[in-house]
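Please keep the view open as you read.

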2 protein chains.
Amino acid sequence: MAITAEIITIGDEILYGQTLDTNSHWISSALDAINIKVFQKTTIGDTRDHILTAFREAENRANIILITGGLGPTKDDLTKPLLAEYFGVPLRLNEEALEEITSLFARAGRTMTDPNRKQAELPEGCLKITNRMGTAPGMWMERDNRVFISMPGVPYEMKNMMQEVLLPKLAARFGQGAIFHKIVRTVGVPESHLASLISDWEDQLPAHLKLAYLPSMGQVKLRLTGYGDNEQVLKQEVHEAIKQVLPVIKKHIYGYDEDELESVIGQWLKQQNKTLGTAESCTGGHLAGMITSVPGSSAYYKGTIVSYDNEVKESLLDVPAEMIEKHGAVSEEVVKTMAENVRKKLKVDVGLATSGIAGPDGGTVEKPVGTIWIAYADDKKTIAKKLNFTKDRKLNIQFSALAALNLFRLNFLSN
Amino acid sequence: MAITAEIITIGDEILYGQTLDTNSHWISSALDAINIKVFQKTTIGDTRDHILTAFREAENRANIILITGGLGPTKDDLTKPLLAEYFGVPLRLNEEALEEITSLFARAGRTMTDPNRKQAELPEGCLKITNRMGTAPGMWMERDNRVFISMPGVPYEMKNMMQEVLLPKLAARFGQGAIFHKIVRTVGVPESHLASLISDWEDQLPAHLKLAYLPSMGQVKLRLTGYGDNEQVLKQEVHEAIKQVLPVIKKHIYGYDEDELESVIGQWLKQQNKTLGTAESCTGGHLAGMITSVPGSSAYYKGTIVSYDNEVKESLLDVPAEMIEKHGAVSEEVVKTMAENVRKKLKVDVGLATSGIAGPDGGTVEKPVGTIWIAYADDKKTIAKKLNFTKDRKLNIQFSALAALNLFRLNFLSN
């Protein structure tokens, strides 16, 4: 019998769509890594009956029930008293928890409030989980071989508790069976096209190897999962199966498993000891933001010039006014010049540039919203590509930045 | 009896934590706006029994069941056949759906695949919902005054269906009762501090006015919700209640309801006909990305210089090499110079600058990871602020960009 987990997310703000739940996403993949499968995720509001019902239903479905939210110092937080009620125990002041909260306030140089003091009260007999990043302690409660774990809703507080205490504890207690994932990451190819490319291969997969398509913005991840008893055997089977399909989709692949396109590109630049700079118009810094999200990117990335204004294109990127006059800022000529000139301006080996109409305004008949030019320039060549998106501003910006990184991927190694 | 909805999200990729579910978040707030409350969100995997069980349980809990995912052209998509099975009807080719899919491929100039053709098969008697952004049609199925709605998992396809067809249809069919939200948005004040500031006021709220704290990165939204029959009365009561608490928290408030800090700042700049430019080091373009995420920001935002490299600080921002030598790039002197010089370089009225150590590497004893300087400069003054974060790279970057916008908020209007 496989060990299963259920994640219960508590909070009206999530049901009402005021706050995006990123916690259960993070918890899922963390549990997956220690071979604990999440069977269901349940999100409910801050109401007594519904919370108690969810506890009961989850206890029937899963071995491990992880609860986030409803632990704040404020009056709409119900999780702790209801957990005590569900287990039929009173709340008692936990001296150690009180000390931890007090010292946390001392370090931060803030004065402690009564609501914070109440956070040191815990259900009798529960194991306190120290919260090093915030004031609400976590809780571990057990009965009939079912574990209830309660954590704060603040993401970095929850993550710290999971990483430092809960994941090791859960792995030691419940880790079992064998499961092996391998992810192949593709960019710039639609899911349905990818599906038809590998359809024959997919049909021949044995039953214990399961393929999943994970489409995200502009990318499709192929996840092949093997289930069995022996991880080494599974690992070999999965790798074998993937080796067979690679030739068919090679040109769309940028990486595997946790690789991100921006980090892969960074590794290439580091290996070749080359530097990168960007010149952005429509992406407005988003491209630079993606590149610099990678730890250590300062080793190969020198910066960006976001010329959101034509004057700036002229003054900082030396784009001739006549060129903008003649072809418009959103043109092959201008985006190529931006990519070439940012190389000189920032003294880098490779320049990437974007110029387009993100919308919602600024579109014309011949250049509608979503018309975007991107360019790659190195010491040997300058390549420009025109994109036609039909999406909203945010998506146009994100897709354009991704397309620029993909343009780099397709041209950098071909020298 | 209030009309309630349940959102069922189907997909192993979400249970395994490979893909973040943003759909249910968006759907929740869209339904909230037409007074339909989401009672529960349930996320389950791509397994026959669990999907059928979830359908049955949801039908007992809610009037409207919205299902996302499992409609792709690929083999791991089960929603459509199981919906047909649950309603006891066969799948039939829908000619109109086939036409829509065919013309979509024609427009995109792509060739249609067999999996795509199968997407035109729908459960008998279901209402087809046109998908203008993709190939999988949506479905509306009804029995015993319960509505099942199935939508693709691709966010922009789902949103387009909801906005153009489903929300109007649901509002016409189920819209009822009265509910009124007002959100007060604060930045730079911790939830517990805010809670103790307004505790007395909160205690005096009548039972039908419910306050919720919605903490997000560096911000806390206060949402006051009124429940009743007459929206006008509720609206007045909510506004009255909020008017009483404003004086206590005024200096922390940047906006209301859907206001975003970056858009509020944009409105101020437009009103005063002023322009903004930024010089970023540790935020690496993230600050520019936030500012340019606002439609129409090109009217007041001229650009950013991301000087990720000290050379670039010197060459593009005229930061004296000696200054960097003497005080280090992460210093009050350098960040002030960056803010002042970007004003001249980009010919803008206000300059914002960031320089810090985002981590994970680059920290020292006197300047640990999370040490960040931000600066504001206009024609009258230059203000710098030191931040000490203890978070990871991503959070340090996001908090720093937010703090820079808050620094603008606190100084721009005070002239």
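## Where the chains meet

Between chain A and chain B the count is six salt bridges. Keep in mind that the model is a predicted one. One salt bridge joins the side chains of A:Asp12 and B:Lys210, at 2.6 Å from N to O. Across the same interface, that of chain A and chain B, 31 residue pairs are in polar contact, with both residues at pLDDT 80 or more. Which element gives the largest share of the side of chain A that touches chain B? That is strand 2 (residues 37-44) of chain A, with eight residues.

The size of an interface is often given as the accessible area lost when the parts come together. Here chain A and chain B bury about 7,200 Å² between them, and 56% of it is on carbon and sulfur atoms. In terms of contacts, 87 residues of chain A meet 89 residues of chain B.

## Rings and charges

Over all chains, the structure holds 19 aromatic pairs.

| Pair | Centre to centre | Angle between planes | Geometry |
|---|---|---|---|
| A:Phe55 and A:Tyr86 | 5.5 Å | 70° | edge-to-face |
| A:Phe55 and A:Phe148 | 5.8 Å | 80° | edge-to-face |

A:Phe55 belongs to helix 3 (residues 48-61) of chain A and A:Tyr86 to helix 4 (residues 79-87) of chain A, so their pair ties together parts that are 31 residues apart in sequence. The pair with A:Phe148 links helix 3 of chain A to strand 8 (residues 146-151) of chain A, 93 residues apart.

In chain B, charges sit over rings. B:Arg143 lies over the face of B:Tyr86, 4.6 Å from the ring centre, while B:Lys169 lies over the face of B:Trp140, at 4.5 Å from the ring centre.

## A buried glutamate

Now look at B:Glu280, in strand 13 (residues 276-280) of chain B. Its relative accessible area is 0%, and therefore B:Glu280 is buried, the cut-off being under 20%. A polar atom of the B:Glu280 side chain lies 3.0 Å from the backbone nitrogen of B:Ala288. Leaving aside residues up to four places away in sequence, B:Glu280 touches several others, among them B:His286, B:Ile305, B:Met338 and B:Thr354. B:Thr304 is another of these contacts; the C-alpha atoms of B:Glu280 and B:Thr304 are separated by 7.0 Å, with the residues 24 apart along the chain.

Conventions. Residues are numbered from 1 along each chain as its sequence is written. Chains are lettered from A and ligands numbered from 1 in the order in which they are written. Side-chain values use heavy atoms; hydrogens and water are left out. Rings of Phe, Tyr and Trp (its six-membered ring) pair if their centres lie within 6.5 Å; planes under 30 degrees apart count as stacked, over 60 as edge-to-face and the rest as tilted. Helices (H or I, at least four residues) and strands (E, at least two) are DSSP runs, numbered from the N terminus. A charge sits over a ring if NZ of Lys or CZ of Arg is within 6 Å of the ring centre and within 35 degrees of the ring normal. Buried means under 20% relative accessible area, exposed over 50%, partly exposed in between (1.4 Å probe, protein chains only). Contact means heavy atoms within 4.5 Å. A polar contact is a pair of N or O atoms within 3.5 Å; within protein, one must be able to donate a hydrogen and the other to accept it, and residues adjacent in sequence count only if both atoms are side-chain atoms. Buried area is the accessible area (1.4 Å probe) that two parts lose on being put together, summed over both. A salt bridge is a side-chain nitrogen of Lys or Arg within 4 Å of a carboxyl oxygen of Asp or Glu.
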